Amino acid sequence: MSAGFAVCASFFFFGALIGTVSANYIPPDRVSDLRDLILDGSGVLYGCKNLFGFFLAAVPFHFAAFLLGFAVPGFLLIPLLSCLKGFFISFTAAALLRALGRGGFLIVFSGLGLPCFISLPCFFILAVQSFNASLELASGVLNRNSLRYVYDRAFFLRSAYCFAAMFLSAVIEVCVLPLFVSLMLQFH
C-alpha cells in the first residue's frame, strides 16, 4: 500500500466518522422536514435531471484532486479534500437514514451507495496519484533538485479513464437510479 493511499484513506474515514456523528445533531424538526421532502417525491436525491449538469455536480472533488496534483502544496490539501469527501458522503447518508428510519436503508443505498461504487475508486485513484505527484514536485522544489518526469502518460490516462467512468456513473444515476429509487419509495 502506498503512503499516499494510506494518508488519503485515513483522512477520508476520519471525515466519514465526523459526518456520521454530525448528522445526529440535526434538530428533530429538520429531520421531519427532510423526511417529508423525500417521501412526497419531490426529487431530493435527484434534483438535477440534466446529464451534463449531473456530471458537473458529481466531479468537483475529483477535478480538485486532479488539479491539486499540479500544485506544490497539493500533498497537504489533498488529504483535507479526502476528509471533506468522506464527511459529505457520510453526513448525507446518515441524515437520510435518520429521516427515513431503518426502512430507508435501500433508498439511501441506491441513491448514494450505488453511485459510490464508481465515484469513490475514481476519487481515490485521482487523489493518490495527485498526492504522489505533488509530493514529488514539492520535494524537487524544496531540495532544488532537477525534477524527474512527474506527469507521465499513465498519469493522464488514469485521469481520463476516471473521468470517463464518472460520466458513465452520471448516465446510470440519471437514467437508472431514479427508477430504482422510486420503486424503493413505493415499498417504503
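**Figure 1. Buried residues of helix α4.** Phe61, His62, Ala65, Phe66 and Leu68 are buried in helix α4, which spans residues 60-68. Buried denotes under 20% relative accessible area, exposed over 50%, and partly exposed the range in between, with a 1.4 Å probe and protein chains only. The cover over the buried residues of α4 includes α3 (51-58), α5, α6 and α7 (153-175). Helices are DSSP runs (H or I, at least four residues) numbered from the N terminus. The model is predicted: local features need pLDDT of at least 70, side-chain atom pairs count only at pLDDT 80 or more, and totals for chains, interfaces and linings use all residues. Residues are numbered from 1 along each chain as its sequence is written, and side-chain values use heavy atoms, with hydrogens and water left out.

**Figure 2. Helix α5 and the glycine that follows.** Helix α5 comprises 27 residues, 74-100, and reaches 38 Å from its first C-alpha to its last. This span is close to the expected 39 Å, the expected value being 1.5 Å times one less than the number of residues. Just after α5, glycine 101 adopts a positive phi of about 80 degrees.

**Figure 3. Surroundings of serine 90.** Serine 90 belongs to helix α5. Because its relative accessible area is 11%, serine 90 is buried. Leaving aside residues up to four places away in sequence, serine 90 touches Gly15, Ala16, Gly19 and Thr20; contact means heavy atoms within 4.5 Å.

**Figure 4. A nonpolar patch on the surface.** Leu97, Phe105, Leu106, Phe109, Leu114 and Phe117 form this patch, with about 540 Å² of accessible area together. Accessible areas come from the Shrake-Rupley method with a 1.4 Å probe, and for residues only the protein chains shown count as cover. Patch residues have over 30% relative accessible area and no salt bridge, and nonpolar side chains (Val, Leu, Ile, Met, Phe, Trp, Tyr) are joined within 5 Å. A salt bridge is a side-chain nitrogen of Lys or Arg within 4 Å of a carboxyl oxygen of Asp or Glu. Helix α6 provides the largest share of the patch, 5 residues.

**Figure 5. Phenylalanine 117 in helix α6.** Phenylalanine 117 lies in helix α6, residues 105-142, and counts as exposed because its relative accessibility is 55%. Its C-alpha is 9.0 Å from that of serine 169, a residue 52 positions away along the chain.

**Figure 6. Confidence and residues 42-47.** The protein averages a pLDDT of 83, and 85% of the residues score at least 70; pLDDT is the predictor's confidence in each residue, from 0 to 100. Over residues 42-47, pLDDT stays under 50. Where pLDDT is low, the predicted coordinates should not be read in detail.

Notes
Helix = DSSP H or I, 4+ residues; strand = E, 2+ residues; numbered from the N terminus. Patch = residues over 30% accessible without salt bridge, like charges linked within 9 Å, V, L, I, M, F, W, Y side chains within 5 Å.
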